[in-house]
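Subject: Structure handover

Hello,

Here is the structure for you to look at. My notes on it follow below.

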Amino acid sequence: GSGTCSSVLWVTSTAASVSAPNSAFGPDPACVRDNTLDSPVFPVTSSAGSLTFSRNFNLESTFDGMVLEIKIGAGAFQDILTAGGSFVSGGYTGTISTSFSSPIAGRQAWTGSSAGWGTSVVNLPASANGQNVQLRWRVASDSSVSATGAYIDDILVSAGYSCCPPVPVELMLLNVQ
């Protein structure tokens with residue numbers, strides 16, 4: 001019911017991870033929910049920027065899913081593919097049903113089961129070059145049937161910019177909306 005849904009957010013989880021001790025976890029409840037996990041804003045100084053991350057998902061196939069979005073400069077968040085990015089490997093696995101009120105209805109997404117950990121490699125849009133960008137992982141569920149959810153870990157951005165050590169996923173969770 002809606003009572004159990006209202007508190008469902010991304011959390012730090014020790015249930016599964018690629019690099020110990022934890023990962024970020026977005027659950028897949030049996031209610032309409034749109035959970036976002038946002039990265040810190042970072043500059044891209046190359047037209048060949050890329051993103052690599054590990055993901056492990058078990059989401060109600062074709063009804064619940066996870067998408068990756070990007071905000072370039074002052075623009076709105078949009079799907080990584082719509083923005084001009086592309087998957088090198090580990091791309092979306094299905095299209096989300098337009099029935100049952102999913103917040104990402106009709107979109108391509110990671111859906112169903114990944115059968116364990118896998119890696120996604122993404123080319124950032126060339127238009128991100130010279131801009132500050134922000135990444136967003138969204139786990140969206142519809143009005144019925146729950147599944148486990150989605151874990152992400154080991155996020156690495158190669159954006160032509162180097163300054164600092166990688167941001168641990170648990171620090172990203174401070175920005176959860």
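By salt bridge I mean a side-chain nitrogen of Lys or Arg within 4 Å of a carboxyl oxygen of Asp or Glu. The pair links distant parts of the chain: Arg107 sits in the loop between β9 and β10, Asp79 in strand β7 (residues 78–79), and 28 residues separate them. Helices (H or I, at least four residues) and strands (E, at least two) are DSSP runs, numbered from the N terminus.

Two notes on the source. This is a predicted model, in which local features need pLDDT of at least 70 and side-chain atom pairs count only at pLDDT 80 or more, while totals for chains, interfaces and linings use all residues. Residues are numbered from 1 along each chain as its sequence is written, and side-chain values use heavy atoms, with hydrogens and water left out.

**Salt bridges**

Asp79 counts as buried, at 8% relative accessibility. Arg107 is partly exposed, with a relative accessible area of 22%. The cut-offs: buried is under 20% relative accessible area, exposed is over 50%, and partly exposed is in between (1.4 Å probe, protein chains only).

Arg107 has another partner. Glu69 forms a salt bridge with Arg107, the closest N and O atoms being 2.9 Å apart. Here too the pair links distant parts of the chain, with Glu69 in strand β6 (residues 65–72) and Arg107 38 residues away. Glu69 is buried, at a relative accessible area of 3%. A network of salt bridges links Asp34, Glu69, Asp79, Arg107 and Arg138.

The count by this rule is 5 salt bridges. Arg136 and Asp38 make one, at 2.6 Å from N to O. Arg136 is in strand β13 and Asp38 in strand β3 (residues 33–38), 98 residues apart. Arg136 is buried at 13% relative accessible area, and Asp38 is buried at 3%.

Asp28 lies in strand β2 (residues 23–28). A polar atom of the Asp28 side chain lies 3.1 Å from the backbone nitrogen of Glu60. That is a polar contact: a pair of N or O atoms within 3.5 Å, where within protein one must be able to donate a hydrogen and the other to accept it, and residues adjacent in sequence count only if both atoms are side-chain atoms. Not counting residues up to four places away in sequence, Asp28 touches residues including Asn58, Glu60, Asp64 and Ser146. Contact means heavy atoms within 4.5 Å.

Asp142 is in the loop between β13 (132–141) and β14 (147–158). The backbone nitrogen of Ser144 lies 3.2 Å from a polar atom of the Asp142 side chain. Beyond four places in sequence, the contacts of Asp142 include Pro29, Glu60, Asp64 and Phe100.

**Thr111**

Thr111 lies in the loop between β10 (108–109) and β11 (112–113). Thr111 is buried, with a relative accessible area of 6%. Polar atoms of its side chain lie 2.8 Å from the backbone nitrogen of Thr62 and 2.7 Å from the backbone oxygen of Asp64. Among the other contacts of Thr111, beyond four places in sequence, are Phe57, Glu60 and Ile96.

**Strand β5**

Strand β5 (residues 50–59) is mostly covered: 8 of its 10 residues are buried. β5 pairs antiparallel with β12 (residues 118–123) over 6 bridges, and Phe53 has Ser120 as its bridge partner there. β5 also pairs antiparallel with β14, over 8 bridges. In β14, Leu156 is the bridge partner of Thr52. Strands pair if DSSP finds at least two bridges between them.

**Overall**

The protein has 2 helices and 14 strands. Of its 177 residues, 45% count as buried. Among contacts between residues at least 6 apart in sequence, 81% join residues at least 24 apart.

Best wishes
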